[in-house]
Amino acid sequence: MTADRSSSDAPWWRDAVVYQVYVRSFADVNGDGTGDLAGVIDRLPYLRELGVDALWFSPWYPSPMADSGYDVADYRAIDPSFGTLELAEALIREALVMGIRSIVDIVPNHVSDQHPWFRAAVAADPGSPHRDRFWFRAGQGPRGESPPNGWQSIFGGPAWTRVKDADGEPGEWYLHLFAPEQPDLNWTNPDVVRDHEEVLRFWFDRGVAGIRIDSAALLVKAPDLADETPDAKPGDHPFTDRDELHEIYRRWRAIADSYVEPRLLVGEIWLPDAERFARYLRQDELHTAFNFDFLACPWEPVALRTSIDSTLAAHAPVTAPATWVLANHDVTRTVTRYGRSDTSFAFEAKREGTPTDLRLGNRRARAGALLAMALPGSMYVYQGEELGLPEVEDISSEQRQDPMHFRSGGLDPGRDGCRVPLPWSGDRPPYGFSPAGARAPWLPQPDGWGRLTVAAQSADPDSMLSLYRAALGLRRRELRASDGFAWLPSEPTVLSFTRGARFACVVNLGIDPVALPTGADVLIASQELASGRLPQDAAAWLRLPESKE
Ligand code: NOJ
């Protein structure tokens with residue numbers, strides 16, 4: 001595998017820019033209203049020009065799409081609406097020729113209820129080996145009419161669903177931490193362990209450079225399925241961050257390391273405790289994990305400084321690089337979040353419909369992008385972030401797809417608003433997402449996105465896309481994984497730091513414009529400077545004058 005991007009000796013993933021492709025919404029070539037692999041192949045030149053090092057593909061396997069592909073029915077094939085395995089192989093190959101690596105999404109906590117294993121389990125009798133691959137249990141109460149324990153699904157409602165026995169009578173219950181269509185696997189079952197290791201090899205053998213591990217801290221459950229207790233110590237929670245998980249990832253790391261170019265393991269790990277989080281990044285476990293602390297952080301100087309410091313401090317002892325993430329397919333789009341009075345992100349408090357100043361959000365998102373790109377480690381860009389797409393908030397309930405919306409009884413708007421198909425060109429839907437005469441996109445695109453299309457933004461030097469292209473190019477030329485990070489003295493409302501000897505990033509979150517260091521050249525700025533000063537909610541990258549020592 002070759003895809004050299006820098007002269008640095010550090011492994012590629014330590015400072016890579018990884019672009020998340022949500023295939024369903026990227027580009028539709030066959031006109032069925034759903035993005036496809038042919039669409040990604042078509043747009044590889046766009047991704048090369050953007051300047052990304054790797055693509056992370058959200059699940060592309062056959063799936064009933066109960067959770068938009070995170071309900072996998074077969075890991076060794078491609079969903080027919082996306083294409084074929086041959087096309088996926090071609091995509092991996094063609095991307096690599098352009099210097100872009102591929103990362104696939106592995107969802108080890110659960111499968112689809114249409115996966116052959118689960119179908120066999122439902123058809124089998126209680127106590128059968130087929131059922132042991134999942135968590136089937138008798139219910140509580142005289143007739144087993146209550147779930148086996150009080151665990152709640154992350155999507156809302158009980159985490160258990162009851163199946164019928166062969167005679168049509170109510171039978172056992174099975175566990176699903178997400179939707180009922182996503183039964184949890186039993187990681188103490190050897191078939192589960194073995195099959196996932198084979199799946200890893202299956203994709204590594206096809207040239208993928210790494211895997212993103214979905215819900216990576218949830219796989220292992222307490223054997224007694226005890227109820228949650230509010231004062232559980234770290235490692236004692238019945239289904240989150242259990243110590244037994246580390247052995248699974250050590251085995252995966254050994255597989256990844258057995259390749260001539262070792263493969264990358266990236267964990268989706270939502271944990272508030274930075275030390276527990278960093279345990280997954282020990283030398284013989286995962287290489288990196290998403291930094292959700294930074295993603296959820298409000299646009300406030302003290303909070304951002306604290307998040308950056310605690311991120312770097314947590315990663316230092318395990319010598320893993322940090323990741324910098326502002327958005328993904330699960331969270332409110334950045335320009336919308338940053339345009340609200342509360343700029344933090346929390347699943348429990350998604351605030352669709354709250355007053356939003358998109359101009360302000362856009363301005364901050366531009367500055368946030370320069371901040372994230374300048375920090376040491378790797379950086380993730382969620383498709384559409386480079387276009388400054390806002391959250392789409394007016395999708396009707398009938399058009400919504402996300403189980404999070406439905407399982408909350410409609411209280412939670414769900415995640416469809418950040419998954420709307422990309423606008424490529426033109427001034428009305430489907431904005432070049434699908435060819436002429438195609439079916440309507442699987443989620444509706446709003447009016448008024450004509451000015452946000454790739455075509456429109458390519459022609460505008462001041463657009464978000466132009467900023468991303470220029471900044472990613474500069475990042476590639478100016479920054480190396482080994483460039484040290486140090487804060488520069490500044491007012492509390494300003495974040496100012498160096499990378500290496502002569503590169504600096506300054507972000508102004510205060511009201512007053514700030515002066516830049518004397519003699520510095522501005523490499524790029526997210527807003528025009530005002531009399532040489534950096535205005536509010538703006539960031540600049542600088543080349544500092546040579547030191548005279
Ligand atoms: C995390 C994924 O990012 C999300 O989209 C999905 O719904 C859950 N895991 C369950 O797989």
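Predicted model: local features only at pLDDT ≥ 70, side-chain atom pairs only at ≥ 80, totals over all residues.
Local features required pLDDT of at least 70 and side-chain atom pairs pLDDT 80 or more, while totals for chains, interfaces and linings used all residues. Residues are numbered from 1 along each chain as its sequence is written, and side-chain values use heavy atoms, without hydrogens and water.

The largest nonpolar core holds 149 residues. A nonpolar core is a set of buried Ala, Val, Leu, Ile, Met, Phe, Trp, Tyr and Cys residues joined through side-chain atoms within 4.5 Å. Buried means under 20% relative accessible area, exposed over 50%, and partly exposed in between (1.4 Å probe, protein chains only). Tyr-19, Trp-60, Trp-203, Tyr-249, Trp-252 and Trp-541 touch the most other members of this core. Helix H12 (residues 358-374) contributes the most, with 8 residues. Apart from this core lies another, of 14 residues, including Trp-151, Phe-155, Trp-160 and Leu-177.

Trp-203 has contacts (heavy atoms within 4.5 Å) with several residues, among them Trp-60, Tyr-61, Leu-85 and Val-208. Residues up to four places away in sequence are not counted.

Helices (H or I, at least four residues) and strands (E, at least two) are DSSP runs, numbered from the N terminus. In strand S11 (residues 378-382), 5 of 5 residues are buried. Ser-378, Tyr-380 and Tyr-382 lie on one side, and Met-379 and Val-381 on the other. Both faces are covered.

Strands pair if DSSP finds at least two bridges between them. Strand S1 (residues 17-21) runs parallel to S11, joined by 4 bridges. Here Tyr-19 stands opposite Val-381. Strand S10 (residues 323-325) also runs parallel to S11, with 3 bridges. Trp-324 of the model stands opposite Met-379 in S11.
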